[in-house]
Amino acid sequence: MSAEITSAMVLAAGLGRRMQPLTDTMPKPLVPLNGRALIDHVLDRIAEAGILRTVVNVHYLADQIERHVSRRRSPAIKISDERGVLLETGGGVVRALPLLGSQPFLIHNSDSVWIEPGVSNIARMITAWDGGVMDSLMLLAPRATSLGYEGRGDFGLGEDGRLTRRAAGSDAAYVFAGVSIAHPRLFEGAKEERFSLNVLWDRAIECGRLFGLLLDGTWMHVGTVQSLREAERLIQCTALSASRGAPTQQGDA
């Protein structure tokens, strides 16, 4: 039972310390990947999926992000200002709720990029969304094939699509790919204060209302300068293979 998702939030308020020295003078969402700012890769995917309105939150070097996104025509963008306080992912979304409206919406990290074989993963998420049983639907990537990711994974995925947390001391097959759909009820009782979305996801797990969808393609964890360069090489090699007619994944990151 899918529903139309017409609003999105891009989380762009982080400090980007792991991307230093690039982020000494520019916010991480403006760091170029293959010649284009990370946030433009994200906003293009959102627009291509048919989402009309996007809220971007800002904190570190906020003026730079505001100027950059003001040049875009699609999607329509509003700014959620966090200059005075960094609210993390959970508090940042709570502050932006009045701008997002009363319907389910997409939440997208500003550094989440991937190569997909032509079918929009965001469109797949919108099709799979069922607000009757889901408080949140998360895009997942296989840990073993994710570029730049060195952790132990985040979630287990049940046959019914429900998620479980990785047990302490163990490995999980799937990692959160930085994109989710949320129903506003996920934020019931949440305050505009500094906290992580993980708090709300754990509550949804307890209620059996956190679901996952596997990404079709290759996810790239762009968290450091080294992983940024690795992602650029993969994008360029994929484009070169496609131009030569090789049977490989295609699509811009």
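Predicted model: local features only at pLDDT ≥ 70, side-chain atom pairs only at ≥ 80, totals over all residues.
Residues are numbered from 1 along each chain as its sequence is written.

**Pockets**

A pocket is found on a 1 Å grid over the protein atoms alone, as an open set of points where a 1.4 Å probe fits, with protein on both sides within 12 Å along at least five of seven lines; its lining residues have an atom within 4 Å of a point. Volume is the space filled by probe spheres set on the points, which are joined across faces, edges and corners. In the classes below, Ala, Val, Leu, Ile, Met, Phe, Trp, Tyr, Cys and Pro are nonpolar, Asp, Glu, Lys and Arg are charged, and the others, Gly among them, are polar.

| Pocket | Volume | Lining by class |
|---|---|---|
| Largest pocket | about 1000 Å³ | 15 nonpolar, 12 polar and nine charged residues |
| Second largest pocket | about 150 Å³ | no nonpolar, five polar and three charged residues |

The lining of the largest pocket has 36 residues, and Gly14, Lys28, Thr89, Asn109 and Asp111 are those nearest its centre. At least two lining residues come from each of α3 (88–100), β11, α5 (197–206) and β13 (218–221). The greatest contribution, four residues, is that of β11. Helices here are DSSP runs of H or I with at least four residues, and strands are runs of E with at least two, numbered from the N terminus.

Around the second largest pocket lie Arg18, Gly148, Glu150, His221, Thr224, Gln226, Ser227 and Glu230. Helix α6 (residues 225–243) gives the most to this lining, with three residues.

**Helix α4**

Helix α4 spans residues 121–128, and its buried residues are Asn121, Ile122, Met125 and Ile126. They sit on the same side of α4, because they cover an arc of only 145 degrees around the axis; the arc is taken from the directions from the helix axis to the C-beta atoms. Buried means under 20% relative accessible area, exposed over 50%, and partly exposed in between (1.4 Å probe, protein chains only).

The buried residues of α4 pack against α1 (38–48), β6 (105–109), β7 (112–115), β8 (136–142), β11 (174–182) and β12 (210–214). At the N-terminal end, α4 is capped by Ser120, with a side-chain oxygen 3.3 Å from the backbone nitrogen of Ile122.

**Single residues**

Ser136 belongs to strand β8 and is buried, at 0% relative accessibility. Its side chain reaches the backbone oxygen of Ile181 at 3.1 Å. Apart from neighbours within four places in sequence, Ser136 is in contact (heavy atoms within 4.5 Å) with several residues, including Trp129, Ser180, Ile181, Trp201 and Phe211.

Leu86 is located in the loop between β5 (76–81) and α3. With 16% relative accessibility, Leu86 also counts as buried. Not counting residues up to four places away in sequence, Leu86 touches Ala13, Leu15, His59 and Arg194. The C-alpha atoms of Leu86 and Gly14 are 7.8 Å apart, although the two residues are 72 apart in sequence.

Arg229 is part of helix α6 and is partly exposed, with a relative accessible area of 34%. From C-alpha to C-alpha, Arg229 and Asn34 are separated by 8.8 Å, at 195 residues apart along the chain.

Notes. Heavy atoms only, no water. Polar contact = N/O pair within 3.5 Å; in protein donor to acceptor, adjacent residues only side chain to side chain.
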